[in-house]
Amino acid sequence: EEKVKKELHKSLSDLQKQQESKHEEMTSAHRQLKMEREVHQQELADLRLELQNVKIKHERNVQELMKLLKQEKDDAEAQIKMLKMELVEEKNIVKNQYRQLEKIKIECDKLTEELTQNEEENITLRRKCEFVKQELEKKDKQINNEEDHLRRMDEARLQFKDQLRHLEMEQESILTLIGSEIDAACEIFSRDSMEKFKVILS
C-alpha cells in the first residue's frame, strides 16, 4: 500500500507538473493569439480606413468628373447654338445674294435690250446721215451753176453738217453711256459676290 501510495503521489505530482506546463503553454498560446488578434484588428482597421479614404477619393473624382462633363456639355450646347445661329445667318446672306444676283441679271437683260434698241436707232441715224450726205451731195451738184444759190446752199450745207455733227456727237454720247452702264453691270455681276455665292452654293 505504501508503495502504491508513493507511486500514486508520484503520478499525481507528474500530472500536476504536466498540468502546470500545459497551463503555461495555454497561457502563452492565449497571449500569442491575443497579440495576433490585436495585430489583425489593427490591420483590419487600417484597411477599413484606407477603404474609406479610397471611397472618399473615388466619390470626389466622380463629382469632379461629373462637373467637368457638365461643363463640357454646356460648352458644346453653347457652341452648337452659336453654329446654328451662324448657319441661319449664312442662309440669309445666301438668300440676299441670290436676290441681288437675280436683280443684276434682270438689269443686265434690260441693258442688253436697251443696247439692241440703241444699235437699231444708231443704224437708223446712220441711214439718215447717209441720206443727208446724199442730199448734200445732190444739193452741192445743183448749186454749182448758180453763185447766189450756191451761197444759200453752202449755208444750208453747213447747217446740215452741224446737224450731222450734232447727231454724231449725240450718237457717240449715247453709245458711251450705254457702254459704261453695261461695263458697270458686268463688273458688279462678276465681282466677288458671285464667287462667294458659288462657294456658298457648293
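User: What is the relative accessible area of Arg165?

Analyst: Arg165 has a relative accessible area of 45% and is therefore partly exposed. The model is a predicted one. The class follows from cut-offs: a residue is buried under 20%, exposed over 50%, and partly exposed in between.

User: With which side chain does Arg165 meet in a salt bridge?

Analyst: The general idea comes first. Side chains of opposite charge can pair when their charged atoms come close. In this structure, Arg165 pairs with Asp162, at 2.4 Å from N to O. Asp162 is also partly exposed, because its relative accessible area is 41%.

User: How many salt bridges does the count give?

Analyst: The count comes to two. Asp74 and Lys70 are four residues apart in helix H1, so about one helical turn lies between them. Lys70 is exposed, because its relative accessible area is 53%, whereas Asp74 counts as partly exposed at 32% relative accessibility.

User: Which residues form the positive surface patch?

Analyst: A patch is built from residues with over 30% relative accessible area and no salt bridge. Here the positive patch is formed by Lys91, Lys95, Arg99 and Lys103. Lys95 belongs to helix H1 and is partly exposed, because its relative accessibility is 49%.

User: Which residues make the nonpolar surface patch?

Analyst: Val62, Leu65, Met66, Leu68 and Leu69 make a nonpolar patch of about 450 Å². Val62 lies in helix H1, which covers residues 2–142. At 37% relative accessibility, Val62 counts as partly exposed.

User: Is Asn122 buried or exposed?

Analyst: Asn122 counts as buried, because its relative accessibility is 5%. Asn122 is placed in helix H1. Apart from neighbours within four places in sequence, Asn122 is in contact with Gln171 and Leu175.

User: What pattern does the protein chain follow along the sequence?

Analyst: The pattern is α-α-α, with three helices and zero strands. Of the 202 residues, 10% count as buried. The chain exposes about 18000 Å², of which carbon and sulfur atoms supply 54%. Among contacts between residues at least 6 apart in sequence, 79% join residues at least 24 apart.

Key:
Residues are numbered from 1 along each chain as its sequence is written. This is a predicted model: local features need pLDDT of at least 70, side-chain atom pairs count only at pLDDT 80 or more; totals for chains, interfaces and linings use all residues. Side-chain values use heavy atoms; hydrogens and water are left out. Patches are made of residues with over 30% relative accessible area and no salt bridge: like charges are joined within 9 Å, nonpolar side chains (Val, Leu, Ile, Met, Phe, Trp, Tyr) within 5 Å. Accessible areas come from the Shrake-Rupley method with a 1.4 Å probe; for residues, only the protein chains shown count as cover. A salt bridge is a side-chain nitrogen of Lys or Arg within 4 Å of a carboxyl oxygen of Asp or Glu. Helices (H or I, at least four residues) and strands (E, at least two) are DSSP runs, numbered from the N terminus. Buried means under 20% relative accessible area, exposed over 50%, partly exposed in between (1.4 Å probe, protein chains only). Contact means heavy atoms within 4.5 Å. Lys and Arg count as positive and Asp and Glu as negative; His and the chain ends are not counted. The place of a charge is taken as NZ of Lys, CZ of Arg, CG of Asp or CD of Glu.
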